[in-house]
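Dear colleague,

Please find below the structure that I am handing over to you, together with its sequence. My findings follow it.

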Amino acid sequence: MRESKLVQPNTTKSITQNDNKDFILRMVCLVFSGGMLIVHLLFITLMFIYNAFDSSLTTTLAGPSFPAISLGLLFWSLPFIMHFFCKKFLGIYIIIPYIAFIFLSHFMGTVLDVYDIRFIPGMLSSNWWDKVMHTIFGYLAALIGLFFLCHIARIEKLNALTILFFCIGISALTAVVWEICEFCSDTWLGESCQGDRIFLRDAFGNFILDSAGKPISIITVNDTMGDIIVHMIGTAIFAIQYIIHATTKKSLFLTGMKKEFSKNCFVKEKVKTSVSSNECNQC
């Protein structure tokens, strides 16, 4: 009797094409990160040149402060560090959102000073860009939760409700940690991450001074609560996306994300093997 041969679909070509596409996208992201590093180095050079002539020109002409530029060097160096030391974790669903967010929040917001734009008409206030960034970060923080969940559990074994609770919890935790960092920065470094300071005055309109003779200022919770609210709005967008993905079985980019995040899962699936009696007799 002639044995029938099962025709296996040839997936090698499609896998190779996907790998090549991911490699090209990673290289493009690394080239872009290298370009941003050069831009930040040019900013630092200009700041030193202006400071050599007049220290007052450092902020008026060179824009942001030196610590902000230095922080940018760290941000744009991370993709290269990940590429050379943790390459297996550097997928396109990680590096592309990271680069996009750093470009919008740090380079445009801090370096180009978009955070302080005050000519937006209508309902948008002077800190509208900050609220947009917090909304985007709320969505990305939920993706961070999905990333960790894919590494500590078999994501296909979990129901959608468990995944949502975990991602929302991680996102809420990042919002709290972020606001704590802003508070510490304002308190100890004299920054204004949580909004402009309000200086206390007495009944005659004079500043109230502390023991060192400096005006006492406070920061309201309005900015903090607004940041947390828009952060959770971004998280809600992710939740809606995942609910639609789970109920309709549409990808919505989440299928690719879960597949990429699960490549290096710490929990290995047990492979069950069964041996027939005929095969045992042949052993």
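Predicted model: local features only at pLDDT ≥ 70, side-chain atom pairs only at ≥ 80, totals over all residues.

Leaving aside residues up to four places away in sequence, I163 is in contact with L146, L149, I155, L158 and Y242.

I also examined the pairing of α4 with α5. The axes of these two helices lie 11 Å apart and form an angle of about 160°. Because this angle is over 145 degrees, α4 counts as roughly antiparallel to α5. On the side of α4, the contact is made by I94, P97, F101, L104, S105, M108 and G109, and on the side of α5 by W129, M133, I136, F137, L140 and F147. The crossing of the two helices, α4 and α5, is left-handed.

**Cysteines**

How many disulfides does a search of the whole structure find? The search returns zero. As for individual cysteines, C29 has a relative accessible area of 10% and is therefore buried, the cut-off being under 20%. C181, by contrast, is partly exposed, because its relative accessibility of 48% falls between the limits of 20% and 50%.

Yours sincerely

Terms used: Residues numbered from 1 in each chain as written. Heavy atoms only, no water. Disulfide = S-S within 2.5 Å. Buried < 20%, exposed > 50% of the residue type's maximum accessible area, 1.4 Å probe, protein only. Contact = heavy atoms within 4.5 Å. Axes fitted to C-alpha atoms, helices over the stretch in contact; angles between N-to-C directions. Helix = DSSP H or I, 4+ residues; strand = E, 2+ residues; numbered from the N terminus. Parallel < 35°, antiparallel > 145°, perpendicular 65-115°, else oblique. Left-handed = near helix turned anticlockwise from the far one by under 90°.
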